[in-house]
Amino acid sequence: MCHAIFAAFSLLLHPEYFIRFVMLVKIYNQNPNTKEITRVVNILQEGGLVVYPTDTVYAIGCDALNVRAVEKICKIKGIDPKKANFSIICYDLSDISEYVKVNTPTFKLMKKNLPGPFTFILNTNNTLPKIFKNRKTVGIRVPDNNIIRELVRELGNPILTTLIHDEDDIIEYATDPELIHDKYENIVDIVIDGGYGEVEPSTIVDCTGDEPVITRQGKGELEGI
């Protein structure tokens, strides 16, 4: 009897029969639990993928400096890494010069509007991983959301971000954390429940020319332009 139970248990442990359980972890925006933040950061450090809330819609992300993780994100989205329009989330503006070229007027504009629901498109520099170097620009996000900002702060690297897509065009799938978990549990490594998300994306501001240009009006109303 014992031998039969052991054999059955061993069979379940075989990779072919292994069942993958993806956690849905509750983290509160107003007071993110340090233990849960560390748990998610450990997954990011191992090259894992995370679904998380922002100040607009839910997004999928990974350690932006982990090339293999970035490639996994591209595969999920069905895009060529060489043609992808990447955005990265930073904790604040103190370190963005490590990743992008930013002049004084643009920095002042960003400082006036961030943290907030904006994506600022800037020219890249030479410190981003090779996978980014096929692109001359990258989006910078500093969302007004303590969960994702604390993840970035503890990780010590920016987080690559891309919106979760909703093929069925049913809003609930993209806003309800439990439904998001049901949909992405076989795709990502952990889903954060940070409360209901929104449906309006960030406002995109292209700062690569002589003057900033709003290329997508989203949730954010830009000040100082």
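1. Threonine 106 belongs to helix α4, which covers residues 104-113; helices here are DSSP runs of H or I with at least four residues, strands are runs of E with at least two, and both are numbered from the N terminus. The model is a predicted one, in which local features need pLDDT of at least 70 and side-chain atom pairs count only at pLDDT 80 or more, while totals for chains, interfaces and linings use all residues. Residues are numbered from 1 along each chain as its sequence is written, and side-chain values use heavy atoms, with hydrogens and water left out.

2. Is threonine 106 buried or exposed? Its relative accessible area is 11%, so threonine 106 is buried (buried means under 20% relative accessible area, exposed over 50%, and partly exposed in between, with a 1.4 Å probe and protein chains only). Leaving aside residues up to four places away in sequence, threonine 106 touches Leu122 and Cys207, where contact means heavy atoms within 4.5 Å. Cysteine 207 also counts as buried, because its relative accessibility is 11%.

3. Strand β3, residues 59-63, is largely enclosed by the rest of the structure, because five of its five residues are buried. Three bridges join strand β2 (residues 50-52) to β3, and the two run antiparallel; strands are said to pair if DSSP finds at least two bridges between them. Valine 51 stands opposite isoleucine 60 in β3, and β2 and β3 form a hairpin with six residues between them.

4. β3 is also joined to strand β8 (residues 159-163), by five bridges and in an antiparallel arrangement. In this pairing, alanine 59 stands opposite leucine 163 in β8.

5. How many disulfides does the structure hold? The structure holds zero disulfides, a disulfide being a pair of cysteine sulfur atoms within 2.5 Å. Cysteine 62 is accordingly in no disulfide, and the nearest cysteine sulfur, that of cysteine 74, is 8.4 Å away. With a relative accessible area of 0%, cysteine 62 is buried.

6. The largest pocket holds about 480 Å³ of space. Of the 27 residues that line this pocket, the closest to its centre are Asn85, Phe86, Ser87, Thr119 and Thr161. The elements that give two or more residues to the lining are α3 (67-77), β6 (118-124), β7 (137-141), β8 and β11 (213-216). A pocket is an open set of points on a 1 Å grid over the protein atoms alone, where a 1.4 Å probe fits, with protein on both sides within 12 Å along at least five of seven lines, and lining residues have an atom within 4 Å of a point.

Key: Grid points are joined across faces, edges and corners, and a volume is the space filled by probe spheres set on the points.
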